[in-house]
Amino acid sequence: MKQIEALAVMMSGKSVLLTGAAGSGKTFVLNQFVRNARAVGKSIAVTATTGLAATHLNGTTVHAWSGIGVHDELPVEHILRMPKQRRDIIADTDILVIDEISMLHDFRLDLVDTVCREVRDVNLPFGGIQVILCGDFFQLPPVNRSDSRSGGFITTSRIWDENIFEVCYLEEQHRQKDDQSYSDILNGIREGYLKPSQIKLLTDRKTLVNDPWQPTTKLLTTNVDVDVINQEHLSQLDGKQYEFEMTTSGSRKFVEQLMRSCLAQQTLVLKKGAHVMCIKNSLDRKYVNGSLGVIEDFEPINHYPKIRLITGKLIVLKPDTWELVDGDKRRAAITQLPIRLAWAITVHKSQGMTLDSARIDLRNAFVEGMGYVALSRVRGLKDLSLDGLNGIALRVSKDAKNIDKILRDKSEQTLIENKEVIEAFLSKKDEIIIEPIPKTKVNWADKVNKMRVEYPNAYKPWQDKDDKKLVLSFTKGKTVEQLSKILGRHKGSVRERLKKHLGEDIFS
């Protein structure tokens with residue numbers, strides 16, 4: 001199925017599983033769907049199975065959105081104990097998106113379904129919400145721990161058996177489109193069979209010696225050595241050290257949640273000559289999530305780094321913003337330079353990236369799909385070097401292989417059954433948003449900075465001393481308008497804070 005055909009089915013209002021190989025453009029289609037759906041007034045909850053994946057979409061985890069947290073079963077009276085604000089968010093949602101679906105346990109998808117039905121008091125799948133699942137079952141599977149309930153892929157869930165999901169299997173390859181032999185190797189890993197000549201092509205990459213002046217990221221299977229490697233390389237560089245502090249807005253709880261999920265660092269330390277990786281897509285397409293480069297210099301006044309990308313392009317990198325959006329509510333935002341040191345990164349954190357060059361160490365691979373995720377990060381064989389492989393590195397889940405054939409057949413059926421829907425959608429192609437967001441669009445950081453001209457403390461966490469001053473001043477007769485000026489906060493924020501401390505009916 002082509003991307004535009006999948007978008008047509010999704011925009012028709014049907015629940016969909018959007019799948020396909022790494023590099024087939026799933027995230028691109030997902031972003032286009034979200035933009036188009038919001039343009040027609042839909043309320044969308046954008047979620048993912050991990051915090052890191054959620055930050056790529058400016059969303060939250062599905063566990064937090066649904067209120068199920070880490071529960072294996074819903075506690076007694078869970079819905080009654082759920083905060084009203086959480087119930088309102090679920091009740092007001094038209095569309096629920098769940099990305100990186102391969103990592104979600106079957107029973108937890110059923111829990112999300114149960115919560116939606118009960119909160120909305122509608123006995124339909126997910127309480128009548130359109131649900132878009134996105135992911136590839138050949139990638140990282142659900143994590144089963146000894147101290148919690150075990151589960152499998154969502155295709156063994158109760159709700160999956162109700163056959164509410166159309167399957168859109170993207171067939172086109174975009175990441176490895178210029179290297180057919182490497183694309184064939186990755187497809188061979190998915191199918192569970194590699195020719196001897198293909199295995200030799202991979203093992204030959206073990207003898208390569210990287211150019212020390214060429215930025216290459218080392219992908220490791222565990223987190224233990226990543227920070228050590230990056231700091232060791234940075235310390236070996238001479239010259240002045242520059243530090244960039246993250247700025248935040250929103251309540252402390254949500255800011256901390258966003259920081260834990262994001263690759264951006266609270267304090268980013270850089271030097272001239274540092275190997276760095278972009279960790280966000282730029283709106284003007286100058287770089288993408290995973291672009292590699294070397295810092296050549298720093299600007300004289302604001303000290304923003306000048307980075308020579310592996311493509312040869314020189315860019316000046318400026319701060320960008322990540323947001324935590326819960327339903328339609330913006331909970332927190334953080335602003336930092338969208339880069340990190342790139343001598344090393346874990347395979348898990350590389351998921352979703354397209355790397356310009358990678359040296360991959362799979363000698364300690366410990367789960368099926370890990371090698372496939374790592375190897376599929378690069379565009380071609382020329383961008384890859386290997387430190388080694390172990391017995392599990394090139395394995396993929398047998399369940400994933402069995403599921404794959406079923407999903408391909410279902411996708412063909414989706415094309416046939418939705419032929420008229422797709423044709424009607426294509427006939428209105430002038431109304432379809434398929435371009436990236438214009439770089440002239442004002443982002444959240446700009447909005448916050450503009451608001452702080454009048455309200456210096458806008459979107460900053462409330463401190464205990466602020467709360468005491470607020471309540472004391474209000475009880476002594478200060479008006480909301482006066483408190484707004486005293487505390488440097490918007491009147492709406494003052495009113496909501498007073499409600500929190502003195503009750504919802506304080507202004508009745």
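Predicted model: local features only at pLDDT ≥ 70, side-chain atom pairs only at ≥ 80, totals over all residues.

Reader: Noted. At what angle do α8 and α9 pack?
Author: Helix α8 covers residues 180–191 and helix α9 covers 196–203. They pack at an angle of about 110°, and their axes are 10 Å apart. That makes α8 roughly perpendicular to α9.

Reader: Which residues make the contact?
Author: From α8, Tyr-182, Asp-184 and Ile-185. From α9, Gln-198, Leu-201 and Leu-202. By class, the contact of α8 with α9 has four nonpolar residues, one polar and one charged.

Reader: Next pair. At roughly what angle do the axes of α6 and α7 cross?
Author: Roughly 95°, and the axes come within 9 Å. Helix α6 is residues 84–91. So α6 is roughly perpendicular to α7.

Reader: Which residues of α6 and α7 meet there?
Author: Arg-87, Ile-90 and Ala-91 sit on the α6 side. On the α7 side are Val-115, Cys-116, Val-119 and Arg-120. The contact of α6 with α7 divides into five nonpolar residues, no polar and two charged.

Reader: What about Met-82? Where does it lie?
Author: Met-82 is in the loop between α5 (78–81) and α6.

Reader: Buried or exposed?
Author: Buried. Its relative accessible area is 5%, and under 20% counts as buried.

Reader: Which residues is Met-82 in contact with, leaving aside neighbours within four places in sequence?
Author: Ser-66, Arg-87, Ile-90, Val-115 and Val-119. Arg-87 and Ile-90 are also in the α6 side of the helix contact, and Val-115 and Val-119 in the α7 side.

Reader: And how far is Met-82 from Ile-310, C-alpha to C-alpha?
Author: The two C-alpha atoms are separated by 49 Å. Along the chain, Met-82 and Ile-310 are 228 residues apart.

Reader: Switching to Gln-3. Which helix holds it?
Author: Gln-3 is in helix α1, residues 3–11. Gln-3 counts as buried, at 16% relative accessibility.

Reader: What is Gln-3 in contact with, beyond neighbours within four places in sequence?
Author: Ser-24, Gly-25, Phe-28, Val-29, Leu-170, Glu-172 and His-174.

Reader: Now the holes. How many cavities of 30 Å³ or more does a search of the whole structure find?
Author: Five. About 60 Å³ of space lies in the largest cavity.

Reader: Which residues line the largest cavity?
Author: Thr-50, Leu-52, Ala-53, His-56, Glu-100, Met-103, His-348 and Gln-351. Helix α3, residues 51–56, gives the most to that lining, with three residues. By class, the lining has three nonpolar, four polar and one charged.

Reader: What volume has the second largest cavity?
Author: About 50 Å³. Its lining includes Gly-51, Ala-54, Thr-55, Gln-257 and Leu-324. Elements giving two or more residues to the lining are α3, β3 (60–61) and α11 (252–261). By class, this lining has three nonpolar, seven polar and no charged residues.

Reader: And the second largest pocket? How much space lies in it?
Author: About 1700 Å³. It is lined by 43 residues.

Reader: Which of them lie nearest its centre?
Author: Gln-85, Ser-251, Phe-254, Arg-331 and Arg-497.

Reader: Which element gives the largest share of the lining?
Author: α19, with six residues. Among the elements that each supply at least two residues are α6, α11, β15 (320–326) and β16 (329–336). By class, the pocket lining has 13 nonpolar, 12 polar and 18 charged residues.

Reader: Last topic: backbone. What is the phi of Asp-121?
Author: It is positive, about 55°, although Asp-121 is not a glycine. Most residues other than glycine have a negative phi. Asp-121 is in the loop between α7 (106–120) and β5 (130–134). It counts as exposed, at 71% relative accessibility.

Reader: And what is the phi of His-303?
Author: His-303 has a positive phi of about 65°, and it is not a glycine. His-303 is found in the loop between β12 (292–298) and β13 (305–309). At 28% relative accessibility, His-303 counts as partly exposed.

Note on methods. Residues numbered from 1 in each chain as written. Heavy atoms only, no water. Axes fitted to C-alpha atoms, helices over the stretch in contact; angles between N-to-C directions. Helix = DSSP H or I, 4+ residues; strand = E, 2+ residues; numbered from the N terminus. Parallel < 35°, antiparallel > 145°, perpendicular 65-115°, else oblique. Contact = heavy atoms within 4.5 Å. Nonpolar A, V, L, I, M, F, W, Y, C, P; charged D, E, K, R; others polar. Buried < 20%, exposed > 50% of the residue type's maximum accessible area, 1.4 Å probe, protein only. 1 Å grid on protein atoms, 1.4 Å probe; cavity = no way out; pocket = protein on both sides within 12 Å on 5 of 7 lines; lining within 4 Å. Points joined across faces, edges and corners; volume = space filled by probe spheres on them.
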